[in-house]
Amino acid sequence: MIITELKPLEEIAAAVKTHMNALIVACGGCTTVYRTGGRAEAENLKNSLEAKGIKSTVTLVTRQCNKQMVTSTLQPLIGNYDIIVSTACGVGPQVISDVFGNIPIFPAQNTKFITKYDPEIEKFSEYCRACGECIIHETGAVCPITRCAKSMLNGPCGGQTNGKCEVGGWKNDCAWVLIYDRLKTQGKLDLFRKFRPPQDNRLSNSPRYMTRERKETA
Amino acid sequence: MIQKIYSDLMRSLSEGKFIFTGEIEPVKTTNIYEMIETAKILKEHVVAANVTDNPAGLAYMNSLVPSYIIQKEASLEAIYQITCRDRNRIAIFSDLLAAGALEIKNVLALTGDHTALGDNPQAKPVFDLDSQQLVYMIRKMVDEGVDLTGHQIENPPKFHVGVAAAPAAQPLEPEIIKLERKASLGAEFVQTQVVYDIEIAKKFLDDTQHIKIPVLIGICPLKSVGMAKWMAKNLPGVIIPDGVMDRLKKAEEKSKEALTQENIEIFGELIKEIKKTRASGVHIMAVHYPPAELSFLLTGMLSSA
């Protein structure tokens, strides 16, 4: 899923205060799951803004990345507001604006990355960069594109010591030492020895689109 | 296998001579004269000199122009360093064609230090290629006369391609496998990260015996105890033995001259030990010395070795 982080309250308040009537739109997707921008967090935001004398109303769209859900949920009420504050990832406010382009919108969140979640230590780690060509079956199920600071396909580089990466001050694991350890355990070091030629970056160049055959639901 | 020899560096290596290479680090300046003066000093001691490409991600003068200038103005053969940090495959390819036109004969293919470590950490790290993919591209250019997608190059360049290795890497096995990859792609020589402990060099040379390309062991004189401590703390794979540190400390307490003399002795001894191994030479990374001091240091180190 996608992890997001709420912008500082002052930043949100500054953007909203010049408007008369704000609608905070929570998202029932990733931001609800990770408790960064679901209904509860949107209500908290509403209360914090109210403490600053800014009035707002909260509603929830089940998935803000779904154009149909955005349209059907917001259509009946959007006319009452002169600014929208979305607590979804970066996709949500854009979809809302694609549908209701006449109303200004403020993204209340900074979108971080596609994440792994470790609840014991409340840690989020970037695990996939959506490069468009998954090779982790060859790399011990460790993604070097995402988890190596240089996205090397033929690591490790000289910037690791005892399996830690110099980028970030020796705190993070060197993806290529992880790959080496795991492939060695699996008896598959032949995959580690393999040379991987330069990637086809066309697969990850933005903007990307995908269509699929439309399925009629019963 | 080396089919043709284009450079003095490869000629010396193929003749089995124990050789020295030096290093020139362009900095944040438009002044090229000090580099030429340094090159003239190096010329008396080394076969060729590396010209660094924004080492540690520091935004400096590029490596191509000084590589050309030291060949032209000081008759010192260049080992043109290229990292993959700042340019994509198109830009690197383009620079390599220019290097060919400027009669650069040796290229050192590096992945490059991450932008996060440099003086413009906000920069976008490119890494479109890595060191091995760069070797692969250079071999295509030289051997097949084509770019990465097979387009013909009119008048292909003639380069020898070298690579780096980290003898003190922990764990060492993945580093050795990486060097195997580099060699099988057609890398022709290796210059290592700095080594201060002969045992580390010996172990690395033993463990890489099966990789049949010449190895130059990297050394780097220490200008001060502070620099030595900084390197040991911040540079991965740099281990400075306590004995070396103690000798430096004692010398530094005496005088600047004593420190230079101690460096001459420490590195003269180290070179002497490296000469006993299967290494093909020593790569001396003595950068940012005033020309006269560099001359004194190199003369001392190499005559005592």
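Asn155(B) is exposed, since 9 other C-beta atoms lie within 10 Å. Welcome to a predicted model, in which 28 residues from chain B and 24 residues from chain A make up the contact between the chains.

**Positive phi in residues other than glycine**

- Asn155(B) sits in the loop between α5 and β5 of chain B, and its phi is positive, near 60°, although the residue is not glycine.
- Asn162(A) also has a positive phi without being glycine, with a value near 50°.
- The place of Asn162(A) is the loop between β8 and β9 of chain A.
- With 11 other C-beta atoms within 10 Å, Asn162(A) is exposed.

**Cis peptide bonds**

- In chain A, the bond joining Gly155(A) and Pro156(A) is cis, with omega about 0°.
- Pro156(A) belongs to the loop between α6 and β8 of chain A.
- In chain B, a cis peptide bond runs from Gln170(B) to Pro171(B), and omega is near -5°.
- Look for Pro171(B) in the loop between β5 (160-165) and α6 of chain B.

**Nonpolar cores**

- The largest nonpolar core contains 106 residues, and those with the most contacts inside it are Ala49(B), Ile70(B), Val107(B), Ala109(B), Ile138(B) and Ile219(B).
- Setting aside neighbours within four places in sequence, Ile138(B) is in contact with Leu96(B), Val107(B), Ala109(B), Phe159(B) and Val161(B).
- As background, nonpolar side chains in soluble globular proteins tend to be buried together.

**Where the chains meet**

- The contact draws 28 residues from chain B and 24 residues from chain A.
- On the side of chain B that touches chain A, α5 (131-144) and α6 (173-185) of chain B each provide at least two residues.
- The largest share of that side of chain B is six residues, and α6(B) supplies it.
- By class, the residues on the side of chain B that touches chain A are 14 nonpolar, seven polar and seven charged.

**How α5(B) and α6(B) pack**

- The axes of α5(B) and α6(B) come within 9 Å of each other and cross at roughly 10°.
- Angles under 35 degrees count as roughly parallel, and α5(B) and α6(B) are therefore roughly parallel to each other.
- From α5(B), the residues making this contact are Gln132(B), Val135(B), Tyr136(B) and Arg139(B), while α6(B) contributes Arg181(B), Lys182(B) and Leu185(B).
- The contact of α5(B) with α6(B) is made up of three nonpolar, one polar and three charged residues.

- The domain assignment divides chain A into domain 1 (2-112) and domain 2 (129-197).
- Between the C-alpha centres of domain 1 and domain 2 of chain A there are 38 Å.
- Helix α7 (residues 175-185) of chain A has these buried residues: Ala175(A), Trp176(A), Val177(A), Ile179(A), Tyr180(A) and Leu183(A).
- Covering the buried residues of α7(A) are elements including α6 (144-147), β8 (160-161) and α8 (189-193) of chain A, together with α6 of chain B.
- Gly187(A) follows α7(A) and has a positive phi, near 65°.

**Two buried residues of chain A**

- Ala175(A), in helix α7 of chain A, has 26 C-beta neighbours inside 10 Å and so counts as buried.
- Not counting residues up to four places away in sequence, Ala175(A) touches Val142(A), Pro144(A), Arg147(A), Cys148(A) and Gly155(A).
- Glu166(A) lies in the loop between β9 (164-165) and α7 of chain A, and it is buried, with 21 other C-beta atoms within 10 Å.
- Leaving out neighbours within four places in sequence, Glu166(A) is in contact with Gly159(A), Leu117(B) and Pro236(B).
- Glu166(A) and Ala149(A) are 17 residues apart along the chain, and their C-alpha atoms are separated by 9.3 Å.

Definitions and conventions. Residues are numbered from 1 along each chain as its sequence is written. Chains are lettered from A and ligands numbered from 1 in the order in which they are written. This is a predicted model: local features need pLDDT of at least 70, side-chain atom pairs count only at pLDDT 80 or more; totals for chains, interfaces and linings use all residues. A nonpolar core is a set of buried Ala, Val, Leu, Ile, Met, Phe, Trp, Tyr and Cys residues joined through C-beta atoms within 7 Å. A residue is buried if 20 or more other C-beta atoms lie within 10 Å of its own, exposed if 12 or fewer, and partly exposed in between; C-beta atoms are placed from the backbone. Two residues are in contact if their C-beta atoms, placed from the backbone, lie within 7 Å. Helices (H or I, at least four residues) and strands (E, at least two) are DSSP runs, numbered from the N terminus. Ala, Val, Leu, Ile, Met, Phe, Trp, Tyr, Cys and Pro count as nonpolar, Asp, Glu, Lys and Arg as charged, and the others, Gly among them, as polar. Axes are lines fitted to C-alpha atoms, for helices over the stretch in contact, and angles run from 0 to 180 degrees between N-to-C directions. Angles under 35 degrees count as roughly parallel, over 145 as roughly antiparallel, 65 to 115 as roughly perpendicular and the rest as oblique. Domain bounds come from an automatic or database domain assignment.
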